[in-house]
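Subject: Structure for you to look at

Hi,

Here is the structure I said I would pass on.

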Amino acid sequence: MSHLMNTYARQPVAFVRGEGVWLWDEEGRKYLDALAGIAVNTLGYGHPALTKALTARIQSGVIHTSNLWRIPDQEAASDRVAEITGLDEVFFGNSGLEATEASIKVARKYGHDRGIAEPAIIVMEKAFHGRSLATLSATGSRKVQAGFEPLVQGFVRVPLNDLDSVRQVAERNKNIAAVLIEPIQGEGGINVSRLEYLRGLHEICRKHEWLFISDEVQCGIGRSGKWFVYQHAGIQPDVVALAKGLASGVPVGACVVGGRAKGVFKPGNHGSTFGGNPLAMTAVVTTIDTVKSERLMERAAGTGEVIRNGLKDLKLAGITEVRGMGSMIGVELERPCGELVKQALDAGLVINVTADNVIRLLPPLVMSEAEGRMVVERLAPLVQRFLEKRVAA
Ligand SMILES: Cc1ncc(COP(=O)(O)O)c(C=O)c1O
């Protein structure tokens, strides 16, 4: 027994070594990883470029200084993030919730700057934006919110993929300053926004001068086959929230702004002691450079398609839908299937189940198509047996 707070239902396995898309536990058992630490380990495990860059950073003796000083690695990371997002200014924090929390603050400040005393933000049903008080209030899950009331005010919730609901809010609520959306909902069950919907939403934001905030904490950084999901729709948000895969395992978050949100934050409006420190920034620069040089977005698209097609081809009646984009994949089953996580571990495969009945696959972007086929080979018999059990019962 340890003294850890009881906040997670952990599986009794500890991974102690990794290479590529493979993990080994304390007993030396080998696992194929189709989860990447929940969309974090972009470059998989032990990537030589990341190991070399982080080692050099540590050997320099400087892994943290302070935002009181210039941080050249942070400047370099901001240039890369600005380039890939198409935006102008980057604030670095340490986690996804910090990125979305900062985005919410930007939206409120933007509203105040335009004379709205109590700015509100449109958010989506089933969305997940984090577990701070503001971000859990923006989250569309009672399970996440229960016990933490009073919630932070100023969020108006609408269903995903429904432009009419947004138009109705626009008509009756003059306090709206922004829309906050995960273009592919991760925790909510891999719910994909239609591209026409994203374009329509972007147009409504333009018309009303609202900020369009894309929470790409989980779906961003190449996972969809492009750097960001909004790029599939050909739109440019005003704010993008990033974290998870941005530094391939080193804690980081980023709130990136441009368009109408540029210049909203002034000195003193936001800050973070650790945010943007040289260790994390080295990992950001290396991750982005490696995704580019090894064409990992193309790989995420190709491997993701292999996995999705492999699972669709099973044509099992109990699979309600196989959905997603690139290497962000959801397999919805007809009933809750949390037990599959343990069964997959026993079969040497790391997966996750979210929203009760959706198998979630978020492999490292370095996963090859051959390894993608192995994911299907290991997962298929487990799903088949699980679904047959119901028939037999
Ligand atoms: C879309 C999205 N936003 C925000 C967060 C919060 O990130 P973190 O857990 O790093 O605070 C998550 C985490 O799952 C997420 O998926």
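Below is what turned up, topic by topic.

A word on the ground rules before the findings. This is a predicted model, so local features need pLDDT of at least 70 and side-chain atom pairs count only at pLDDT 80 or more, while totals for chains, interfaces and linings use all residues. Residues are numbered from 1 along each chain as its sequence is written, and side-chain values use heavy atoms, with hydrogens and water left out.

**Salt bridges**

Side chains of opposite charge can pair when their charged atoms come close. The cut-off here is a side-chain nitrogen of Lys or Arg within 4 Å of a carboxyl oxygen of Asp or Glu. On that basis the whole structure has 19 salt bridges.

One of them links Arg-167 to Asp-164, with 2.8 Å between the closest N and O atoms. Both residues sit in helix H7 (residues 163-172), three residues apart, which is about one turn of the helix. (Helices are DSSP runs of H or I with at least four residues, strands are runs of E with at least two, and both are numbered from the N terminus.) Arg-167 is partly exposed at 41% relative accessibility, and Asp-164 is partly exposed too, at 47%. For these labels, buried is under 20% relative accessible area, exposed is over 50% and partly exposed is in between, using a 1.4 Å probe and protein chains only.

Another pair is Glu-75 with Arg-70, where the closest N and O atoms are also 2.8 Å apart. Arg-70 is exposed, at 61%, while Glu-75 is partly exposed, at 34%. Then there is Arg-295 with Glu-298, at 3.1 Å between the closest N and O atoms. Arg-295 counts as exposed with 53%, and Glu-298 as partly exposed with 41%. Finally, Glu-321, Arg-323 and Glu-332 are joined in a salt-bridge network.

**Cysteines**

How many disulfides are there? The count is zero, taking a disulfide as a pair of cysteine sulfur atoms within 2.5 Å. For Cys-205, the nearest cysteine sulfur belongs to Cys-255 and is 15 Å away. Cys-205 is buried, with 0% relative accessibility. Cys-255 is in no disulfide either: its nearest cysteine sulfur is that of Cys-219, 15 Å away. Cys-255 is buried as well, at 4%.

**A hairpin**

Strands E1 (residues 15-19) and E2 (residues 22-25) run antiparallel and are joined by four bridges; two strands pair if DSSP finds at least two bridges between them. Phe-15 has Asp-25 as its bridge partner in E2. Two residues lie between the strands of this hairpin, and Gly-20 takes a positive phi near 60 degrees.

**The cavity**

A cavity here is a set of points, on a 1 Å grid over the protein atoms alone, where a 1.4 Å probe fits but cannot get out, and lining residues have an atom within 4 Å of a point. The structure has one cavity of 30 Å³ or more. The largest cavity holds about 40 Å³, where volume is the space filled by probe spheres set on the points, and points are joined across faces, edges and corners. Its lining includes Ala-39, Thr-42, Val-217, Arg-223 and Leu-365. By class, the lining has four nonpolar, four polar and one charged residues. Here Ala, Val, Leu, Ile, Met, Phe, Trp, Tyr, Cys and Pro count as nonpolar, Asp, Glu, Lys and Arg as charged, and the others, Gly among them, as polar.

Cheers

Methods. 1 Å grid on protein atoms, 1.4 Å probe; cavity = no way out; pocket = protein on both sides within 12 Å on 5 of 7 lines; lining within 4 Å.
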